[in-house]
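Hello,

Here is the structure I promised to pass on. Please open it first, then read the notes below.

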Amino acid sequence: MRKKHTHPYQTAAGLILLALAGPLLWWVSSSARQIVFETRQFVFWHSALETFAIVVAMLVFVTGYRAILSARRGTVMLLGIAFFGVGLLDFLHTMSYVGMPDVLTVNSSQKSIFFWLSARLLAAGALLLYIAAPVVPRIGLVKKRLALLAMLAVIGIVAWVGVFRIDSVPALFIPGQGLTPLKVTLEWLIISVNVLTLLVLWWRRQVLVNECVMALAFAVLLSAISELFFTMLGSIDKDAANVLGHLYKLAAYLYLFHATFNEALRRPLERLDIQHLREKLILSASPDGILWVDQNGCILMVNPAMTTLTGYAINEMVGQNVSMFLPEHLRARHAQSMRNYFMAPLPRAMGLMDLKLLRRDGQMLPVDISLGHWKDEGENHAIAYIRDLTERKKFEESLRHQATHDELTGLPNRTLLLDRLQQAMTLSERNARYAALLLIDLDNFKTLNDTLGHDVGDLLLKQVANRLALCMHDGDTVARLGGDEFVIILLNLNASEGDAASGTKIAAKKILDTLNQSYQFGDRIHNSAASIGATLFRGHAINIENLMKQADIAMYRAKETGRNVIRFFDPTMESVLLKRVTMEKDLRDAIVAHQFVLHYQAQVEGKGHITGAEVLLRWQHPERGMVPPMDFIPLAEETGLILPLGRWVLETACVQLAIWAHQSATSELTLAVNVSSRQFRQPDFVTQVLDILKQSGANPLKLKLELTESLLADDLEEIIEKMLALKVVGVGFSLDDFGTGYSSLSYLKKLPLDQLKIDQSFVRDVLTDQNDAAIVRTVVALADGLGLSVIAEGVENAAQMEILAAAGCHAYQGYLFSRPLPLPVFEAYHQFVAKRSVPESDAIDPDHRGVTSGKTA
């Protein structure tokens, strides 16, 4: 922000002097019109004018030499030093004028004119350099003093020549004749320098816009006019031209002083005012409170933010002692701390300590304070920046809560649980009382997630957390480990282990009863149960890790023995968990070692025509032999290993389809591949299937994917989208175990299915249970109505097949035709069946184990 200055009087005076210059020059140009002054009278006025000019020159020196804030303070300082020399030369000119007392040598016109011309040349050159020079922002103190000494040296040399060697200087004025050509030439040289300076000023007027360009222009112009008058001196040097020349020189000095004063003092002071205003605005806009106090603690200044922080008005704080922001019992100690601070003041940054400020309403506000110190006229002062930490404290507390609590339920998480468990162990040892650790796992929670979705699962977890919290006594802890696992620490049980176990059972039964109550999710009611594993402890005899392990083992035992029960840890349980851990490790190793194989169970039509097969996964363990699917498939689902296993099954099946396609006997066979819900939910499942088909070269029309009903409740729209993307290329879909899950007819009509598979649980008792028979007929009719094919699994005898055929189902899978067979055996069986043009009952193995041919076991 720059303040524009106008100087109408100075400008008018300058213009008047310029306007008078022409007539005055004309007037003194003729000797007939000259006015000659009496010697004593002339010397008096000459001395007065020169003294005035010397004073102005010294003012230019002082203002320039002391410039501190000017952007061109270095340049102004050099101009000031130059005019220090000009003032000294003017002084020598005055003292050596004829009529003044002789000093050292006789005064003469030659001597006075010599000093005059020296002063004028120095002034003209200094003005030119000042206007033409680039910005010299700052000159150090040493260089400034050296420049001053250099100027004194130059003036000393000129003074020595003018006083003691003036005869060696060519004549500049001859009494009775007037100015010599040399003197006139030098005057015109000075005029030329001034004209050049004026041109440079015009050229740089935008650069020097802040430096009173008009005043500089007047100074240069009036200096040039002054010299014009001195080119017109008569035969004596005491005429009107001499007087007018001195007057114009004095006017030029005054305008130059005006310009240097503006650059060296006025503009810097204005900048200080602007800076002060800017600092005031910054202080006012600062969100932190700012407090200025003296060494006695008296408040000298506060910013508006202090009003918000403290509740006091500004006028209520200024003049009071800073101890007003402290409780009464802390004020004496604070006063001593403040005295200590001023004895050895050091700046203090934010973040070194948390303090509290007493507000007007009596509340203690958490704040952080930084301190600064300075001295003013020997008195200590301090400024304090005070920051409100309320929001930061809330945020830190929020972070601490997030680090130690479960985000979904708000219960303590594993981190806080372990800390509470450590405290419980210490407390139980001190009180000589048992405590209990309960690990709670919700039964069938995964099924809920798979059928109703994760949002409903989250709602259940929240309600379970609330119910568990209501079951707790003071001092007990309920925490969530993750997933559907919760942990409870029961404190202050009986000193007797048996009584402590009884108390734990009572608490556990209360928990199970509470969790068994129905849950309401909008218009949906859900029933859930839980399994609890418990272990007792007293003191630190067992470390936390093993304690958690014991509760985990007991919980798994509870699930194995029927769920919705509590089981206490027994050392014999550890072998069960070890078996599970070993199984998981072996399962991972088996994937890497390629220990899995596929078996093929025939799917037939009519009385035995093989149309394809369902591929079934088998694990050929190097030590335990063939591991049943029920022993490892649930574990694979739980651990996520079903994903690489499922991909391998699909890849192997597609490769086999591609091989069969090149053999006439097997080219028409299809393969059904089971797809787990976890596998199907992968975002890139469609891409995986398409890539496998492309890489294997399998015909998509021969591939059928079997889906379970539990998949349908997850995200129906996404499921349909994936199914349609695969049906475009020819992949078929069968709904496995139909009737046992959670599907509805509305789901069924939306899904782009090709086949329904009747579950073996209905086929098994179809001969003896009328309900199963009715379900079979209903499923067949439903499939027929929807335009879907139907196949029954678990067909073990001819009577079952006849009932199914009578109901309209003519596709079968089961031991009646073939067990799941290794690939070579299945291919041999298919070849055997294909050779029989009309399959008879003797083509069926009477033990339902496979083919009757002696070629195949």
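How many helices and strands are there in the chain? There are 28 helices and 24 strands. Please keep in mind that this is a predicted model.

Confidence first. The pLDDT averages 83 over the chain. A score of at least 70 is reached by 88% of the residues. Residues 837-857 are another matter: their pLDDT is below 50. In the model, this stretch still has 30 contacts beyond near neighbours in sequence. Where pLDDT is low, the predicted coordinates should not be read in detail.

Now the chain as a whole. It has 857 residues, and 47% of them count as buried. Take the contacts with a separation of 6 or more: 67% of these join residues 24 or more positions apart. The chain exposes about 42700 Å². Carbon and sulfur atoms supply 59% of that area.

One surface feature is worth a look. Phe52, Val55, Leu59 and Leu254 make a nonpolar patch of about 320 Å². Which helix gives the patch its largest share? Helix α2, residues 39-65, contributes 3 residues.

Val55 is one of the patch residues, and it lies in helix α2. Is Val55 buried, partly exposed or exposed? Its relative accessible area is 43%. Buried would need under 20% and exposed over 50%, so Val55 counts as partly exposed.

Best wishes

Methods
Residues are numbered from 1 along each chain as its sequence is written. This is a predicted model: local features need pLDDT of at least 70, side-chain atom pairs count only at pLDDT 80 or more; totals for chains, interfaces and linings use all residues. Side-chain values use heavy atoms; hydrogens and water are left out. pLDDT is the predictor's confidence in each residue, from 0 to 100. Contact means heavy atoms within 4.5 Å. Patches are made of residues with over 30% relative accessible area and no salt bridge: like charges are joined within 9 Å, nonpolar side chains (Val, Leu, Ile, Met, Phe, Trp, Tyr) within 5 Å. Accessible areas come from the Shrake-Rupley method with a 1.4 Å probe; for residues, only the protein chains shown count as cover. A salt bridge is a side-chain nitrogen of Lys or Arg within 4 Å of a carboxyl oxygen of Asp or Glu. Helices (H or I, at least four residues) and strands (E, at least two) are DSSP runs, numbered from the N terminus. Buried means under 20% relative accessible area, exposed over 50%, partly exposed in between (1.4 Å probe, protein chains only).
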